[in-house]
Amino acid sequence: MPTAITCTSLSFTWSDGTPVFEDLDVAFSPGRTGLVGVNGSGKSTLLKLIAGELTPTDGTVRVAGEIGYLPQNVTLDTALRVDEALGIAAQRVALHAIEAGDVAEEHFETVGDDWDVEERALATLGELGLGHIELDRTIGEVSGGESVLLRLAALLLRRPDVLLLDEPTNNLDVYARRRLYAAVAAWPGVMVVVSHDRELLELADQIADLRSGGITWYGGNYSAYEEALATEQEAAERMVRFAEADLKKQKRELVEAHTKLARRTRYANKMYENKREPRAVMKLKKRSAQVSAGKHRIMHEEKLAEAKDRLDEAVEAVRDDDEIRVDLPYTAVPPGRDVLTLMDLELAYGARVAGGFDLRGPERIALIGRNGAGKTTLLRTIAGELEPVSGEAKAHVPLRFLPQRLDVLDGELTVAENVYRFAPSATNNRIRARLARFLFRGGRADQKAATLSGGERFRAALAALMLAEPAPQLLMLDEPTNNLDMASVRQLTTALESYEGALIVASHDLPFLESIGITRWLLLDGELQEITPEAVGYPA
């Protein structure tokens, strides 16, 4: 019997009463499934329910086989050794003891049949581009992206029947992503991947589109899904046009029916008043005319109601996904004005900015480099969150920094309360008006930050920074597209195109960087160096 996931009448509601699913029925079969949907549709929540990280409010989840789950935000104890993170520490100790001549029975029980576990671990690390990481090193010595791959390596070593991946390419550099793509392509069992990474979704065998609490299936990869969706939307838009035309026709016919009714009523009254026929006959004709006209009117009113229903159904089938509508405040920086100065900067963990670096005017800087090169450390140093080992980082204008982990939010506070922390002088109406632009309308603004999806947390954090006073003339973003659906990435791109301040963006998402009008490319690889756009594909 093939391994599979079956969710029956699945319902889930957050503790604050926010519903996510109601009576959801879905089954995942062998193969790679790309689970897509707009931010907040419940993709990560569904994976957590399948993985047993959350308990359904109602309904059941059944999984045939062992589950391996890679969450969106991977956190590992920095004191752990790599072999402990991989789950093979006990087997290694037992193996080394046996090799040293200790033939205690418990060592053989610990090893079981897994005599090559150390070799498999090293091979798996090598396949994921982590061959340089020794098993005795600690997690504190690896980067955030490397820790994601370590967690994936641990899952691959376990060989689970079902693998759940939630935004696995977040925080991975270009080369680490390629390693992950290869691992995904080679996966033999059931895999469900939540991702906004188009290249990863191209490896899917089918796409499951989670929308309005239900799932629609599309065969093939993401390109096939887009083609099928485009065809559906063209048909849906045609149906809207037909339904609108029919509605106009039914309204016109209803007006005509009312007009005919009025004419018949006037004619019957006139004939009755003139008494050209016996009174009894006249009353009968008058009543008959009124009944006939009334039936005619009712028939057209029913047709009009049906036409309205058909239009509502047609409109519902047309996608009009809400997107972030970022209205950035006036933040213009004159050309040539000093924005940022870095002088002989040596960062924690070893990266350097030799000599001086100046950012002037509304320049747009792309900061690229491998995982662990120090990009986040550099941004945090500029933001004043970390002290440099030596040298100076000085901003000459107001700046705001949106970190990868979005830890600017207090999970116990509501979205509106979080924004108020950054703008205590702003009125409640102003805060809620701004949040509405970020799709937190009405009661959504009163939702606790801890219950938000990754994309929703990004919107809330960005709203907080944009509403803060003073508004930023230097905006620094660390992997801003990690948790955004594709529609939101496009909208963020549009918003940043109209931003008139200076911009520094650390990202591995090269298509996004190219779309926002980058003027200078900086590579951090031990030292900070400017490179040409042609050299962005730096060698592996």
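How many salt bridges does the count come to? The count comes to 20. You're looking at a predicted model, so keep that in mind as you click around.

**Stop 1: a bridge between a loop and a helix**

Select Asp 136 and Arg 92. Their side chains meet in a salt bridge, 3.0 Å from N to O. Asp 136 sits in the loop between H5 and H6, while Arg 92 belongs to helix H3 (residues 89–99). Arg 92 is buried, with a relative accessible area of 8%.

**Stop 2**

Now pick Glu 226 and Arg 198. The closest N and O atoms of this salt bridge are 2.5 Å apart. Glu 226 is partly exposed at 32% relative accessibility, and Arg 198 counts as partly exposed at 35%.

**Stop 3: strand to strand**

Before moving on, select Arg 81, Asp 83, Glu 84, Arg 92, Glu 118 and Asp 136: salt bridges that share partners join them into one network.

**Stop 4**

Head for the second largest pocket, with a volume of about 1,000 Å³. Of its 41 lining residues, the closest to the centre are Val 142, Ser 143, Gly 144, Thr 376 and Arg 405. Colour helix H6 (144–158) and helix H11 (375–382), the elements that give two or more residues to the lining. The lining divides into 12 nonpolar, 18 polar and 11 charged residues.

**Stop 4: a nonpolar patch**

Show Val 103, Phe 108 and Trp 115. On the surface they form a nonpolar patch with about 310 Å² of accessible area together. Trp 115 is in the loop between helix H4 (105–111) and helix H5 (117–127), and at 42% relative accessibility it counts as partly exposed.

**Stop 6**

Most residues other than glycine have a negative phi. Which way does phi go at Asp 344, positive or negative? It is positive, near 45 degrees. Asp 344 is in strand E10 (residues 338–346) and is partly exposed at 45%. Finish at Leu 439, where phi is also positive, near 75 degrees. Leu 439 sits in the loop between helix H13 (428–437) and helix H14 (454–467) and counts as buried at 14% relative accessibility.

Conventions
Residues are numbered from 1 along each chain as its sequence is written. This is a predicted model: local features need pLDDT of at least 70, side-chain atom pairs count only at pLDDT 80 or more; totals for chains, interfaces and linings use all residues. Side-chain values use heavy atoms; hydrogens and water are left out. Patches are made of residues with over 30% relative accessible area and no salt bridge: like charges are joined within 9 Å, nonpolar side chains (Val, Leu, Ile, Met, Phe, Trp, Tyr) within 5 Å. Accessible areas come from the Shrake-Rupley method with a 1.4 Å probe; for residues, only the protein chains shown count as cover. A salt bridge is a side-chain nitrogen of Lys or Arg within 4 Å of a carboxyl oxygen of Asp or Glu. Helices (H or I, at least four residues) and strands (E, at least two) are DSSP runs, numbered from the N terminus. Buried means under 20% relative accessible area, exposed over 50%, partly exposed in between (1.4 Å probe, protein chains only). On a 1 Å grid over the protein atoms alone, a cavity is a set of points where a 1.4 Å probe fits but cannot get out, and a pocket is an open set with protein on both sides within 12 Å along at least five of seven lines; lining residues have an atom within 4 Å of a point. Grid points are joined across faces, edges and corners, and a volume is the space filled by probe spheres set on the points. Ala, Val, Leu, Ile, Met, Phe, Trp, Tyr, Cys and Pro count as nonpolar, Asp, Glu, Lys and Arg as charged, and the others, Gly among them, as polar.
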